[in-house]
Amino acid sequence: MNKRTDGQQYFDTPVALIRYFLKGSIGVFVLSMVFASAVSFLDMVLPRIISFTVDSVIADKAPDLPAFVVVRLEAAGGVELLRSRPVLIAAAVLAVALTGAIFRYLFRYFNEVAAERFVKKMRDSLYGKIQRLPYAWHGRNSTGDIIQRCTSDVETIKVFVSEQLTSLVRVIVLIALAVSFMAGINGTMTAAASLFIPIVIGYSLFFYAKIGNAFEKADTEEGRLSAIAQENLTGIRVVRAFGRESYERERFEKQNSYYTGFWIHLMRILSLNWVTGDVMTGLQYLLVNIMGAVFCVNGRITAGEFIAFVSYNSLLIWPVRSLGRVISEMSKAGISLDRLRYIMNAEEEKNPENALRPPMDRDIRFENVSFSYGDGSGEAVSEVSFKVSAGTTLGILGGTGSGKSTLMYLLERLYPLEEGQGRILIGDADIAQIDQEWLRAQIGMVLQEPYLFSRTIAENIAITSGSYKDKDIRRASKTADLLETVDHFPSGFETFVGERGVTLSGGQKQRTAIAQMLIRQCPIMIFDDSLSAVDAETDARIRAALRKDTGDATVILIAHRITTIMHADQILVMDKGRIRERGTHEELLALGGTYRKIYDLQMAGSEEYALQNAEEERGESDER
Ligand SMILES: Nc1ncnc2c1ncn2[C@@H]1O[C@H](COP(=O)(O)OP(=O)(O)O)[C@@H](O)[C@H]1O
Ligand SMILES: [Mg+2]
């Protein structure tokens with residue numbers, strides 16, 4: 001692992017990343033491996049007891065046991081004792097089996113503990129990292145894909161470490177033990193039996209290398225499938241509203257059948273490989289048995305040794321066969337690790353060094369700001385300059401796509417301005433120098449499309465802090481013209497929003513979002529088209545209440561309706577990323593340009609407009 005120049009961790013290889021994730025669990029993994037090795041060793045002891053029984057208890061060959069066992073045995077009464085009490089042999093077998101069971105349990109237990117710790121570390125690291133990534137990164141990456149990486153790929157890596165890597169170690173230990181025990185019986189037979197080890201491993205390595213990237217492809221296709229499902233579920237209202245169910249279903253089914261077909265194809269190749277493996281190991285088994293029988297008849301090995309040898313050999317076969325697969329599946333983990341590295345190495349949102357926390361109730365100045373999203377679609381904002389004096393209200397009018405929201409994203413530094421793109425100042429401070437948390441905490445923004453969490457309305461309003469009182473929530477809701485609506489709900493502010501509760505209308509959502517911002521009492525408040533989904537009457541009522549409630553705050557109002565912004569101290573008219581007209585309502589009307597045209601259009605024959613105007617005045621007289 002390296003440190004980047006900007007102090008952010010950088011993982012230049014998959015190994016570096018896995019080592020990072022393993023911190024905190026590696027010790028437990030090693031412990032589990034110690035027990036696994038002990039289990040393998042005990043597996044070797046059983047055939048040894050049987051060969052001893054056959055050769056020295058049933059027949060009368062001198063016992064061929066480790067010296068310390070022989071000494072004990074002689075002291076207790078020698079082989080004679082075992083002959084008179086064969087139950088002792090059974091007891092020995094049982095003791096070994098029981099110890100083996102305990103070790104196996106300990107291995108499993110520690111392996112699970114380590115695996116869960118490992119996964120927890122992975123999840124925490126990823127989640128933390130994703131929170132620190134810039135808004136632009138989230139715009140570039142689909143939610144489905146990110147979720148896929150955080151679930152499926154995390155699982156793959158968990159399996160890699162807790163199962164594959166573990167079995168690799170176990171299999172190597174087992175092969176080493178079995179081969180050395182076999183060599184103790186007969187060298188020639190061991191050589192013959194071992195011959196198949198490299199062949200089988202080599203074959204499956206070759207095989208899996210050939211189909212190798214098929215797994216990667218399967219992963220990508222699975223990601224696509226879940227992205228479709230995810231997108232569909234998130235947008236379920238749109239899907240229903242536009243009657244696009246069958247189109248969406250077809251899209252899903254098409255991807256689903258492609259994915260299924262691909263897996264079936266892959267599985268057919270895999271089965272073929274499996275059968276080939278069966279044939280190879282069958283031949284090996286045959287060879288070992290024939291050789292053993294011949295050697296036994298010739299007296300080169302004893303009957304007991306023959307039995308032991310065959311037992312060791314069968315202990316060997318499955319692990320060896322699985323080894324090739326395990327090794328090659330590790331390449332799958334490599335892919336998953338790379339997919340996580342993509343997240344873990346992504347450039348984090350930078351907070352400037354010695355970040356400032358200046359007072360924010362100051363003038364806001366945009367100086368020659370140009371910005372492009374860098375997706376080849378040209379500039380979203382071009383050479384924009386304006387000043388909003390502290391405590392005043394700025395209105396921005398403009399068609400969809402004219403760059404209004406972009407200006408606000410830039411003010412919140414959701415997209416940092418680079419060299420040559422101009423600068424934005426609050427008071428004397430360039431926002432590039434302002435502490436990110438401070439900046440965003442001081443600027444309250446009601447988004448065009450507010451997002452509410454599946455929590456209660458009260459929790460949604462108080463989302464930024466748990467310390468708000470009911471009084472604060474009610475006051476903010478009153479200004480946002482939400483109070484009456486919510487009080488009509490049976491559970492009031494405790495009403496659940498979203499999946500598990502009521503579905504709020506667009507206007508109700510916007511009003512909740514407004515309350516959510518008002519409660520924070522920020523010195524800078526932005527309403528990005530946030531009155532678009534409420535009717536003109538409510539719009540007027542909210543604005544009247546706002547004028548009373550926003551106090552000394554600097555307010556930026558973005559709207560389509562002229563009535564929403566006409567009382568602003570200054571109005572900008574935007575088109576294609578540029579400011580076309582600026583001034584007060586009266587000045588702009590007198591100018592006779594776009595603003596005038598829009599005004600006349602919106603005025604024309606609109607009874608609603610007349611009504612709205614009347615409301616407006618009533619709202620104002622209330623104020624007086
Ligand atoms: N996240 C984004 N990525 C790429 N382009 C964007 C993004 N958001 C907006 N744009 C583009 O930038 C331009 C200005 O958009 P926006 O600021 O949202 O306009 P408005 O808020 O006035 O409707 C449009 O051409 C829009 O397509
Ligand atoms: Mg917008």
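In which helix do R543 and D539 lie, and how many residues apart are they?

Analyst: Keep in mind that this is a predicted model. Both R543 and D539 sit in helix α19, which covers residues 536-549. They are four residues apart, or about one turn of the helix. Their side chains meet in a salt bridge, with N to O at 2.6 Å. As for how covered the two are, R543 counts as buried because its relative accessibility is 4%, and buried means under 20%. D539 has 0% relative accessibility, so D539 counts as buried too.

Salt bridges also turn up as a network: D145, R149, D153 and R339 are joined into one through shared partners. Over the whole structure, the search finds 34 salt bridges.

D435 and R357 meet through their side chains at 3.0 Å, N to O. This pair links distant parts of the chain, 78 residues apart. D435 is in the loop between β7 (429-430) and α14 (436-442), while R357 is in the loop between α12 (303-344) and β3 (364-372). D435 has a relative accessible area of 10%, so it is buried.

The other is E367 with R365, a side-chain salt bridge at 3.5 Å, N to O. Here E367 counts as partly exposed because its relative accessibility is 25%. R365 is partly exposed as well, with a relative accessible area of 27%.

Conventions
Residues numbered from 1 in each chain as written. Chains lettered and ligands numbered in written order. Predicted model: local features only at pLDDT ≥ 70, side-chain atom pairs only at ≥ 80, totals over all residues. Heavy atoms only, no water. Salt bridge = Lys/Arg side-chain N within 4 Å of Asp/Glu carboxyl O. Helix = DSSP H or I, 4+ residues; strand = E, 2+ residues; numbered from the N terminus. Buried < 20%, exposed > 50% of the residue type's maximum accessible area, 1.4 Å probe, protein only.
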